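I opened this structure to take a few notes.

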Amino acid sequence: MNLFDIIGPVMVGPSSSHTAGAVKIGYVTRKLMGQPIASVKILLHGSFLATGRGHGTHFAIVAGLLGMKPDDTRIPESLELAKAAGMHVEFGKIDLGERHPNSVELILEGVNGRALTVVGESIGGSLINIASVDGLEANFSGEYPTLIVHNLDQPGHVAEVTSMLAHKSVNIATMQLYRASRGGNAVMVIECDQEVPKESIQWLEHLEGVEKVTYYSLQEGEEE
C-alpha cells in the first residue's frame with residue numbers, strides 16, 4: 001500500500017469515480033483523437049446517468065476533452081470554456097448492457113474531420129478503463145503509451161507491428177488481440193513502456209491491411 005492508496009487522488013470535485021475518473025476518460029479520449037474536438041455527443045450509462053449531474057460528471061468529462069487533468073481548478077467552468085472554444089457538446093443516455101455502471105460513450109468529430117467513438121469506464125479511485133475504441137474491444141488503463149491498430153484479420157500483421165516496436169527499442173508491457181470475426185475486422189491494443197516514434201505510427205498507417213492507427217501518448221502537446 002502506498003500513500004496514494006490511503007489519501008486518494010489529487011482532484012477537483014466530490015467523487016474520485018464520478019469526477020476525477022470522468023475527467024481522465026475525457027482527457028485520454030482527447031489524446032486518442034490527436035486533434036482538438038469540434039463536436040462530441042456524451043452518452044451516459046448506469047450510475048453516471050443516474051447520479052452524474054450531482055457529482056459533476058457532465059462538466060468533468062468536458063474538462064478532460066478540453067485537455068484538463070483532475071486537479072485543474074477550471075473544471076467546474078468547462079461547459080462555458082467548451083462553448084468559448086467552439087466545441088459543440090450534446091448530452092444523452094445509453095444502455096451499455098453489462099458495462100461498468102460508471103460508463104460513458106463518447107462520439108467525437110475532430111476539427112480536421114476525424115471521427116472517433118470511445119467507451120470509457122471509471123472503475124474507482126480515479127482509475128479508468130478504455131473499454132472500446134470505434135466499436136472494438138480495447139481495455140487499457142491510460143497509464144502507459146498505448147498503440148491501437150485496426151487491421152484486417154490476416155496473417156502477418158501482428159509480426160509486422162511487434163517487429164517495428166522491437167526495431168525502435170519499444171518494450172511491450174501488455175498486448176491484447178481482438179477480432180470481430182474470422183477474416184474480418186481485428187484490433188491490436190499494445191501498452192508500451194516507451195513512447196512510439198511518430199514516424200513509426202505513420203509507417204503503420206500505410207501498411208496494406210491496416211485500416212486505422214490510434215495512439216495514446218503520455219507526452220504533453222501531442223494534438224495536431
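**Surface and overall make-up**

I looked up the accessible surface of the protein: about 10600 Å², with 52% belonging to carbon and sulfur atoms (Shrake-Rupley method, 1.4 Å probe). The model is predicted, so I kept to its limits: local features need pLDDT of at least 70, side-chain atom pairs count only at pLDDT 80 or more, and totals for chains, interfaces and linings use all residues. Residues are numbered from 1 along each chain as its sequence is written, and side-chain values use heavy atoms, leaving out hydrogens and water.

Of the 224 residues, 46% count as buried (under 20% relative accessible area, 1.4 Å probe, protein chains only). I noted seven helices and 10 strands (DSSP runs, H or I of at least four residues for helices, E of at least two for strands, numbered from the N terminus).

**Aromatic rings**

How many aromatic pairs does a search of the whole structure find? I got one (ring centres within 6.5 Å). Phe-140 and Tyr-216 form it, 6.5 Å centre to centre with 40° between the planes. Phe-140 sits in strand β6 and Tyr-216 in strand β10, 76 residues apart. Both residues are buried.

**Second largest pocket**

I then turned to the lining of the second largest pocket, which has 13 residues. Lys-24, Tyr-27, Lys-69, Gly-142 and Tyr-216 lie nearest the pocket's centre (a pocket is an open set of 1 Å grid points where a 1.4 Å probe fits, with protein on both sides within 12 Å along at least five of seven lines; lining residues have an atom within 4 Å of a point). Helix α2 (residues 16-33) gives the largest share of this lining, four residues.

Methods
Buried < 20%, exposed > 50% of the residue type's maximum accessible area, 1.4 Å probe, protein only. Phe/Tyr/Trp six-rings, centres within 6.5 Å; stacked < 30°, edge-to-face > 60°.
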